[in-house]
Amino acid sequence: MGIGGGSDMYRQQILDHYKNPRNYGELDAPTFSHTGENPSCGDTLTVDVGLADDGETIESVAFSGDGCAISQASASMLSERLPGMTLDELDAMDTDDITEMLGVDISPMRIKCAVLARQVAQDGAKLYEGDVDDLDVTKTEGDEV
């Protein structure tokens, strides 16, 4: 599965989120939706985000797509973590936040799998806020993760 060190409890948690993903599906009326892919692994994700009336606070998150255990578990775990956060807090999330959330060391080859959901959500928020003009699909390529 490409997971390095970490306790068995965290490995079990990743498998549980992979086999029983939380918030898998689509929101009826998302505030924004964005799709991303990790070409090196074949992961694809669409993340739907619903904002509260203040236009800043994440109220609901759903995701759909296919991919490896790490990408799907990360998306599931992130979908539980994001509600209640603001778009600024989402924007501030980095790779360390994701690996800490997963609770295991992720090999360099699999880090793009782990951060895909975060990048898709962040890019979707940037499109929604008008910070990015044209971004059809997020891709986890290059050195920026």
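Which strands does H5 lie across? H5 lies across E2, E3 and E6 and runs at about 145 degrees to E2.

## Basis of the description

This is a predicted model, in which local features need pLDDT of at least 70, side-chain atom pairs count only at pLDDT 80 or more, and totals for chains, interfaces and linings use all residues. Residues are numbered from 1 along each chain as its sequence is written, and side-chain values use heavy atoms, with hydrogens and water left out.

Helices (H or I, at least four residues) and strands (E, at least two) are DSSP runs, numbered from the N terminus. UniProt lists residues 9-130 for "domain: NIF system FeS cluster assembly NifU N-terminal" in an unreviewed entry; such positions are given in the numbering used here, feature names are shortened, and annotations may be inferred rather than shown by experiment. Over residues 9-130 the chain is 47% helix and 23% strand, with the end C-alpha atoms 40 Å apart.

## The sheet

Four strands make an open sheet in the order E4-E3-E2-E6, with mixed pairing. Two strands count as paired if DSSP finds at least two bridges between them. E4 and strand E6 (138-139) are the edge strands, each pairing on one side only. Strands of a sheet pair through backbone hydrogen bonds, either parallel or antiparallel.

E2 (residues 32-38) and E3 run antiparallel and are joined by seven bridges. Across this pair, Phe-32 has Val-49 as its bridge partner, His-34 stands opposite Val-47, and Thr-35 stands opposite Thr-46. The two strands form a hairpin with four residues between them, and Gly-42 in the turn has a positive phi of about 90 degrees. E3 is also antiparallel to E4, through eight bridges, with Thr-44 opposite Asp-66. This second hairpin has six residues between its strands, and its turn holds Gly-55, with a positive phi of about 75 degrees.

## Faces and burial

In a regular strand the side chains alternate between the two faces of the sheet. Buried means under 20% relative accessible area, exposed over 50%, and partly exposed in between (1.4 Å probe, protein chains only). Seven of the nine residues of E3 are buried, so this strand is mostly covered.

Contact means heavy atoms within 4.5 Å. Axes are lines fitted to C-alpha atoms, for helices over the stretch in contact, and angles run from 0 to 180 degrees between N-to-C directions.

H4 and H5 pack at an angle of about 105 degrees, with their axes 10 Å apart. H4 is therefore roughly perpendicular to H5, a term for angles of 65 to 115 degrees. Thr-95, Ile-98, Thr-99 and Leu-102 in H4 meet Ile-111, Ala-114, Val-115 and Arg-118 in H5.

## The nonpolar core

A nonpolar core is a set of buried Ala, Val, Leu, Ile, Met, Phe, Trp, Tyr and Cys residues joined through side-chain atoms within 4.5 Å. The largest one has 34 residues, and Ile-58, Leu-82, Leu-90, Ile-98 and Leu-102 have the most contacts inside it. Elements that give two or more residues to this core include strand E3 (43-51), strand E4 (58-66), helix H2 (69-81) and helix H5 (111-129). H5 supplies the largest share, nine residues.

Leu-82 touches Ile-58, Val-61, Leu-90, Met-93 and Ala-121, not counting residues up to four places away in sequence.

Methods
Angles under 35 degrees count as roughly parallel, over 145 as roughly antiparallel, 65 to 115 as roughly perpendicular and the rest as oblique.
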